[in-house]
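Let's take a walk through this structure together, starting with its sheets and moving on to helices and rings. Keep the 3D view open as you read.

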Amino acid sequence: MNGIAPKRYQQEAVDQALAIFRHAEDQIRQAPDLNERRIASAYNGCVLLEAPTGSGKTLMAGMIAEAFSRPGREGNARIVWFWFTPFAGLVDQARGALKKDFPGLRVRDIQIDRITRNARSGDCFVTTWAAVAANNKETRRVRKGGDSTLALDEFIAQLRQDGFRIGAVVDEAHHTFFTTSSEAVRFYHEVLAPDFTLMVTATPNDRDVERFKQASGIKEVHRNAVSRRSAVEAGLIKEGVRSVAFLAGPQQQALVNFAETALKEAWTMHQRIARELAAAGIDLVPLMLVQVGNSDQAVAQARAFLIGLGVPEARIASYTAKEPSNDLLAVALDEQFEVLIFKMAVALGFDAPRAFVLASLRGAKDTDFGIQVVGRILRVHRRLQPATLEKTLPAGLRYGYVFLADADNQGGLVSAGERINAIRDELAKICPATSVFRVAGEAQVQVAVNGQGSLFRVLTDAPDLTQAPDGETETGTGQAEPLIGAGYPLPGTLDLFGDGPAATLANGRAIKGPPALGQPMALPPPGRHPLRADAQPILKTERMPISTADLLSCIAAHIGFDDTVINVGLRVSVTLTRKTIDLFEGTAALEEAHARLEAKALAEKAQLELFHFGCLHPAELFQALLGRLRTEFRHRGLPDDEPTLERALNLIMATQPTLLRRAERECASRFKEVIDTAHWPATTEALPGAERSRLNVYGVMPDGLNRLELAFAQMLDADQSGAVAYWYRNEPHKPWSVALVLPSGAQFFPDFIVKVNGRRRGDGCVLIETKGDYLVNSPDTIAKVNAEHKFYGSALFLKQDTQGRFMTVSYFEKAGRCEEDQVFRLENLVGH
């Protein structure tokens with residue numbers, strides 16, 4: 001190794017991994033055949049190195065690979081390594097680190113160096129799973145031989161024939177690898193079939209590890225774990241990471257641009273870090289990371305806002321998969337850049353030791369992704385390590401900071417901190433399950449039972465990868481096949497519905513299938529049912545006036561633009577709660593913060609409120625309100641120019657929506673008109689066999705009744721008290737329908753109109769609406785319950801309880817909700 005002095009915990013993890021590998025190598029050398037060599041590898045050929053980001057996982061993996069492949073050392077293997085990174089962007093980073101720090105490893109190019117005669121122990125091919133195990137052009141080129149190079153599959157097989165062991169280093173193993181159905185695991189098991197596997201990960205999932213073992217044939221995964229505390233005490237990673245999110249009330253959330261707030265706060269913290277570094281005499285330009293969403297304009301928008309904050313454009317770099325305008329690793333090191341804007345995929349794995357601050361503008365609640373976000377700012381730059389070890393580094397420089405645009409993402413980061421904290425220092429031991437026994441003078445590698453071998457060779461077959469772990473089988477395309485019998489027709493279905501003969505019943509009668517496609521089914525002609533002679537043919541409905549001038553004047557005059565509301569319209573910022581969580585300590589702190597009100601968001605929210613009153617044109621309503629607000633501003637001596645008034649009105653409408661709705665409700669009730677409906681049709685149509693109705697005005701049950709409506713209609717027909725004279729089905733938006741005007745100006749059409757004997761109001765008619773439980777407390781229902789028809793009165797609302805009884809529903813103002821009131825009785829309709 002090239003002059004790097006490993007930390008104590010790093011050396012211990014390396015030594016233990018080497019001891020395990022050398023034990024397995026000793027058994028492999030003594031094994032007489034391939035099957036027994038695989039047994040030795042299955043029990044002692046796989047090590048999982050588990051350590052937090054920044055603790056030196058790549059260093060430890062490189063030390064293990066270099067030391068184990070060094071010629072001349074007893075117990076070492078003659079081995080060629082295949083080093084896998086999860087993403088192509090990390091290949092160059094890994095190659096550079098191996099070339100710089102591990103001269104005993106010869107970094108090779110998998111595209112051109114597949115020549116066995118040039119191979120030597122310590123050769124290391126750095127690549128990705130996608131480059132060798134995916135169906136793409138690059139993979140097809142690697143897996144196919146050329147004039148001077150072997151196909152990858154043949155190259156690996158030839159290396160094995162030439163006496164080389166095959167080793168695999170799987171970096172960031174929790175990405176793309178711990179999935180038994182993946183092509184990566186299939187390639188690993190069937191083609192690479194490594195004798196030694198070193199997996200490196202920040203946070204493995206135990207269930208994923210077990211699934212990997214099942215698919216790969218590995219019996220024992222030796223876990224060498226490094227705790228966060230060990231890396232902190234070694235001065236390699238920061239003491240902690242603080243996550244900052246901004247909370248707002250429901251009325252304020254739509255008024256704040258949280259992305260811009262997070263960026264502004266992040267840049268403020270970045271500048272503070274730069275000042276503290278200078279004050280401590282540390283010559284380092286910190287780096288601020290900005291993670292944006294996947295929209296095409298996300299990078300440009302973030303760049304423009306940062307420039308608006310005063311960040312020099314030349315100090316901002318960006319990187320996306322589509323637009324790699326700057327070299328990612330170069331930017332991380334180049335101190336002429338202070339800000340790096342990137343998208344999600346780039347957050348995985350790259351080193352940025354200058355980074356203290358990250359602004360995350362995209363939604364990502366996933367714990368694994370939270371771990372990667374934390375990892376980008378967890379490392380301690382080498383220039384800070386001496387002061388870190390001496391405990392002289394200022395407190396503000398001992399932490400990383402994540403600023404979130406979406407407070408909901410804080411949960412993923414907290415879970416990430418908990419998972420990182422859960423890692424405890426642990427060194428695996430050699431698995432004693434396998435031993436070399438001599439049977440009849442021949443060495444055999446066996447799985448020992450109670451320390452004893454067997455006189456008979458025990459064969460261990462590799463698992464069948466076509467068998468998925470959950471029991472479903474898979475086809476050659478990787479798609480799960482249905483269970484046996486699925487997709488087959490049940491007995492008789494071909495005869496009933498297919499082209500076969502018709503099925504025959506026990507009495508010999510045939511069941512005929514439906515007509516062929518395109519052939520119309522003959523229906524009997526509908527019957528006509530007359531309106532009963534005593535039914536009222538014309539009823540009363542409500543509507544808003546055709547001319548809205550007086551209504552607009554009423555709303556403008558009645559809206560409550562008092563001093564408090566005017567002050568709301570003059571605000572330029574909104575008060576938020578800033579919530580800071582220490583991800584590793586679990587402590588939280590709340591403090592007040594301020595955010596600039598977003599003009600576009602204000603206008604959009606105000607526009608929605610203007611559309612709420614459906615019978616008025618939003619532009620006309622806005623002008624009427626603007627005129628009233630101008631009057632109030634002039635009386636108070638406030639500037640009344642158009643931009644100031646419009647911004648104030650938008651802010652008032654967005655934050656005080658009840659003001660406008662209260663005025664609309666008052667004026668709607670004052671100006672709504674009661675007019676005659678059209679004449680109810682003299683007859684209605686119904687198919688032969690339609691259910692008859694004793695008291696419906698047409699003598700037949702209407703089509704389209706739902707379960708609740710049908711139950712109520714049958715209840716009306718069963719009335720024996722004499723309360724019900726007859727009833728109408730009140731279909732919405734018919735010329736003869738009865739409507740109530742709601743506070744929003746929209747019309748509401750109750751389900752039923754019931755003529756009640758002895759009732760005086762409304763010519764004896766009662767409006768009735770039925771509701772299911774799930775709709776009883778919707779905002780729409782509450783508005784309808786509180787509406788009142790000028791002629792018929794308010795509609796009676798009914799729902800069924802758990803016993804099937806109809807219950808009246810009333811709005812209880814103190815509770816602010818609708819609740820069951822009492823059991824509904826037909827006899828009580830006369831007093832409604």
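In what order do the strands of the open sheet of eight strands run? Bear in mind that what you're looking at is a predicted model. The order is β10-β11-β9-β12-β13-β8-β20-β21, and the pairing is mixed. At the edges sit β10 (316-319) and β21 (588-596), each of which pairs on one side only. Go from one strand to the next and you'll find a twist that averages 20 degrees.

Now zoom in on one pairing inside that sheet. Strand β8 (residues 240-247) runs antiparallel to strand β20 (residues 573-582), and six bridges join the two. If you'd like a spot to look at, find R242: its bridge partner in β20 is D582.

Helix α12 lies across quite a list of strands: β8, β9 (287-291), β11 (339-342), β12 (355-360), β13 (399-404), β20 and β21. Relative to β12, α12 runs at about 175 degrees. Helix α13 lies across β9, β10, β11 and β21, and its angle to β10 is about 170 degrees.

So how do these two helices sit against each other? Helix α12 (residues 258-279) packs with helix α13 (residues 298-308) at an angle of about 50 degrees, and their axes are 10 Å apart. That angle is why α12 and α13 count as oblique to each other. Where they pass, the crossing is right-handed. On the α12 side, the contact is made by E260, L263 and K264, while α13 brings A302, F305 and L306. Sort the residues of this α12 and α13 contact by class and you get four nonpolar, no polar and two charged.

There's another sheet to visit. This open sheet has seven strands, in the order β3-β4-β2-β5-β6-β1-β7, and here the pairing is parallel. Its edge strands are β3 (106-108) and β7 (222-225), and each of them pairs on one side only. The twist from one strand to the next averages 20 degrees. For a closer look, pick strand β1 (residues 46-50) and strand β6 (residues 196-201), which pair in the parallel sense over five bridges.

Helix α19 (residues 549-558) and helix α22 (residues 618-635) have axes that come within 9 Å and cross at roughly 40 degrees. Because of that angle, α19 is oblique to α22. The crossing of α19 and α22 is right-handed. From α19, L552, I555, A556, A557 and H558 take part, and they meet E620, L621, A624, L625 and R628 in α22. By class, this contact of α19 with α22 has seven nonpolar residues, one polar and two charged.

Let's finish with the aromatic rings. How many aromatic pairs does a search of the whole structure find? The count is 17. One of them is formed by W680 and W736, a tilted pair with 6.4 Å centre to centre and 50 degrees between the planes. W680 lies in the loop between β22 (673-676) and β23 (683-686), and W736 lies in the loop between β24 (724-729) and β25 (740-741), so the pair ties together parts that are 56 residues apart in sequence.

Technical notes:
Residues numbered from 1 in each chain as written. Predicted model: local features only at pLDDT ≥ 70, side-chain atom pairs only at ≥ 80, totals over all residues. Heavy atoms only, no water. Axes fitted to C-alpha atoms, helices over the stretch in contact; angles between N-to-C directions. Helix = DSSP H or I, 4+ residues; strand = E, 2+ residues; numbered from the N terminus. Parallel < 35°, antiparallel > 145°, perpendicular 65-115°, else oblique. Left-handed = near helix turned anticlockwise from the far one by under 90°. Contact = heavy atoms within 4.5 Å. Nonpolar A, V, L, I, M, F, W, Y, C, P; charged D, E, K, R; others polar. Pairing = 2+ DSSP bridges. Phe/Tyr/Trp six-rings, centres within 6.5 Å; stacked < 30°, edge-to-face > 60°.
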